[in-house]
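Please walk through the structure shown below, with attention to its strands, its helix packing and its chain contact.

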Protein chains: 2
Amino acid sequence: MSIRDLPIPDLFERAVEGDRRALGRLLTHIERENEHAAPIAELAHPLAGTGHVVGITGAPGSGKSTLTGQLVKLLGELGLRAAVLAVDPSSPLTGGAILGDRVRMEDVASPETFIRSMATRGHQGGLALAVPGVVRVLNACGYNPVLIETVGVGQVEVDVAGTADTTVVVATPGMGDGVQANKAGLLELADLFVVNKADRPGANDVRRDLDLMLDLSHATGQDQRTGLRPEIIMTSALTGEGAPEMWEAIERHRAAITANGQLEQRRRDRDVVEVRNRLLVAAERRVDELLSAESHADLLDRVAARSVAPATASSEIAQQLH
Amino acid sequence: MSIRDLPIPDLFERAVEGDRRALGRLLTHIERENEHAAPIAELAHPLAGTGHVVGITGAPGSGKSTLTGQLVKLLGELGLRAAVLAVDPSSPLTGGAILGDRVRMEDVASPETFIRSMATRGHQGGLALAVPGVVRVLNACGYNPVLIETVGVGQVEVDVAGTADTTVVVATPGMGDGVQANKAGLLELADLFVVNKADRPGANDVRRDLDLMLDLSHATGQDQRTGLRPEIIMTSALTGEGAPEMWEAIERHRAAITANGQLEQRRRDRDVVEVRNRLLVAAERRVDELLSAESHADLLDRVAARSVAPATASSEIAQQLH
């Protein structure tokens with residue numbers, strides 16, 4: 001029987017047993033948010049409570065793909081069955097370069113590693129729904145850790161990295177990264193900072209800037225979210241230097257949030273955020289349904305004719321959301 | 001009677017008669033989305049159908065603030081009563097520089113010009129609601145044109161610039177602006193391109209790049225929205241060179257979209273988008289109400305306990321949106 005024709009429960013069983021093609025197919029259903037997505041989520045959710053989810057984010061050019069590759073290589077050597085979810089900007093302009101990185105990552109990864117690229121566009125309901133769904137299935141199939149690599153630029157990408165158990169922010173000398181990280185809200189997200197390209201001049205300046213910002217945010221209470229002060233690790237993704245220290249720091253963070261109850265809280269929050277994001281998609285659909293309803297055409301005509309203000313029209317229509 | 005104590009209709013009347021303090025107070029109500037915002041919108045909407053709304057956007061450093069200042073100076077000389085709505089990024093890091101630009105703009109503007117700065121954060125319901133409300137009141141008080149200056153970076157800022165009657169995208173040599181504009185979706189928005197710093201080397205390259213991209217988008221039908229090919233104007237904001245040509249091109253665009261019915265359609269679309277944005281805010285509020293309802297606590301607990309998947313929980317709650 002071809003894998004294409006397998007019922008979802010059988011496909012899921014095969015994926016859990018280690019069939020990578022079956023897993024790939026499950027993930028495609030999840031990404032497409034098609035009719036199989038909900039049944040797959042129901043099967044995966046009970047099994048998905050254990051793996052460690054690590055977000056790795058940073059500005060373009062920070063070397064985070066190469067660094068993720070080094071980490072993946074190390075995890076293979078440690079005998080861990082890791083998965084990487086690489087969230088690509090969908091721009092055809094940068095697609096080529098990113099594909100290059102992917103190929104390099106597959107070169108260094110152990111055969112047990114599962115690598116999946118995901119475009120940032122083309123998901124019904126958006127990345128914010130697709131990523132947790134994919135992570136859930138990877139967890140359920142025994143991949144641990146699951147690394148989510150995203151470019152720290154758009155709000156969505158930042159949000160996605162921020163829903164991990166441990167979020168690593170990669171900075172680099174010569175990019176004014178301290179300031180950049182702060183602007184993009186990455187500072188508040190980081191559980192761990194990595195200063196990559198540590199052999200370059202200015203690496204220690206970046207370290208000092210980050211330290212200073214952590215002092216400030218500590219003073220103003222910004223990192224009371226965890227009560228932990230993020231460590232700063234120096235790496236060189238090209239040589240692999242610092243990758244073991246990075247992994248140890250990730251493990252330390254995990255141990256700390258497990259001990260203080262944060263891990264459980266984060267996972268609970270992550271599920272609530274997913275429910276909320278799904279509800280927002282449903283609500284938007286409902287709004288568009290109301291706007292295009294025959295019964296409201298006259299009201300919108302009156303807005304265009306300037307006899308009713310938009311705020312008034314919206315209040316009237318909004319009553320049907322209840 | 002102090003202006004603070006005036007009833008809204010009286011305050012509105014004063015603003016229409018030219019009282020700038022009264023106008024400032026109205027705008028504060030609108031920005032705060034407080035209980036006076038809807039009555040003010042009702043008063044302003046019938047009067048707001050005539051002024052020309054011009055969006056001016058571009059990357060940071062493109063000189064669009066200085067260029068807007070030159071345009072404002074010119075409009076004063078032409079005897080036009082212009083208003084500028086400058087949408088500032090709220091980052092305290094860049095706030096200083098922008099304030100500097102504002103001061104310069106006020107130096108060159110005629111006393112009749114009304115200049116308002118708006119932070120990008122801190123608006124209930126967001127910039128997408130506050131901007132059309134402010135523009136409506138400025139129009140109703142006889143300001144024409146109303147220039148909206150936004151930094152072409154975030155999606156919201158781009159959206160705001162895109163709801164103008166005429167959207168001007170400012171590019172600059174040496175920033176790879178052609179590519180930048182394309183990435184940010186600015187290319188599709190532009191009714192008019194301005195290549196600023198035209199005295200710098202590379203200005204003609206930028207012009208050629210933009211021309212090429214317009215050829216491509218024309219070939220693929222991208223600018224069928226208006227049927228008009230955007231003009232490309234060369235300016236030097238520092239000397240003021242090109243500002244009259246820029247204004248003439250804006251006027252030509254206005255005349256063209258008035259003639260082909262686009263102007264009316266754009267305004268209608270803008271109102272519908274505002275109604276929709278307001279409905280989305282109401283819908284989000286409703287979603288949060290449902291999520292925090294006592295009756296759903298048990299369902300969310302079951303999600304946390306991994307016996308119900310988030311998608312299933314969301315479908316169940318979503319039924320109450322109807």
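This is a predicted model: local features need pLDDT of at least 70, side-chain atom pairs count only at pLDDT 80 or more; totals for chains, interfaces and linings use all residues.

Residues are numbered from 1 along each chain as its sequence is written, while chains are lettered from A and ligands numbered from 1 in the order in which they are written.

Begin with strand 5 (residues 166-171) of chain B, which pairs with strand 6 of chain B in the parallel sense over four bridges. Strands here are DSSP runs of E with at least two residues, helices are runs of H or I with at least four, and both are numbered from the N terminus; two strands pair if DSSP finds at least two bridges between them. Strand 1 (residues 53-58) of chain B also pairs with strand 5 of chain B in the parallel sense, over five bridges, and B:Gly55 has B:Thr167 as its bridge partner. Six of the six residues of strand 5 of chain B are buried, so this strand is largely enclosed by the rest of the structure. Buried means that 20 or more other C-beta atoms, placed from the backbone, lie within 10 Å of the residue's own. In a regular strand the side chains alternate between the two faces of the sheet. In strand 5 of chain B, one side holds B:Thr166, B:Val168 and B:Val170, and the other B:Thr167, B:Val169 and B:Ala171.

Strand 6 (residues 192-195) of chain B is likewise covered on both faces, with B:Leu192 and B:Val194 on one side and B:Phe193 and B:Val195 on the other. B:Val195 is the bridge partner of B:Ala171, and B:Val195 is also bridged to B:Met234 in strand 7 of chain B.

Turn next to the helices. Helix 3 (residues 37-44) and helix 6 (residues 127-140) of chain B pack at an angle of about 45 degrees, with their axes 9 Å apart. The axes are lines fitted to C-alpha atoms over the stretch in contact, and angles run from 0 to 180 degrees between N-to-C directions.

Finally, the contact between the chains takes 41 residues from chain B and 41 residues from chain A, where contact means C-beta atoms, placed from the backbone, within 7 Å. On the side of chain B that touches chain A, helix 12 of chain B gives the most, with 16 residues.

Terms used: A residue is buried if 20 or more other C-beta atoms lie within 10 Å of its own, exposed if 12 or fewer, and partly exposed in between; C-beta atoms are placed from the backbone. Two residues are in contact if their C-beta atoms, placed from the backbone, lie within 7 Å.
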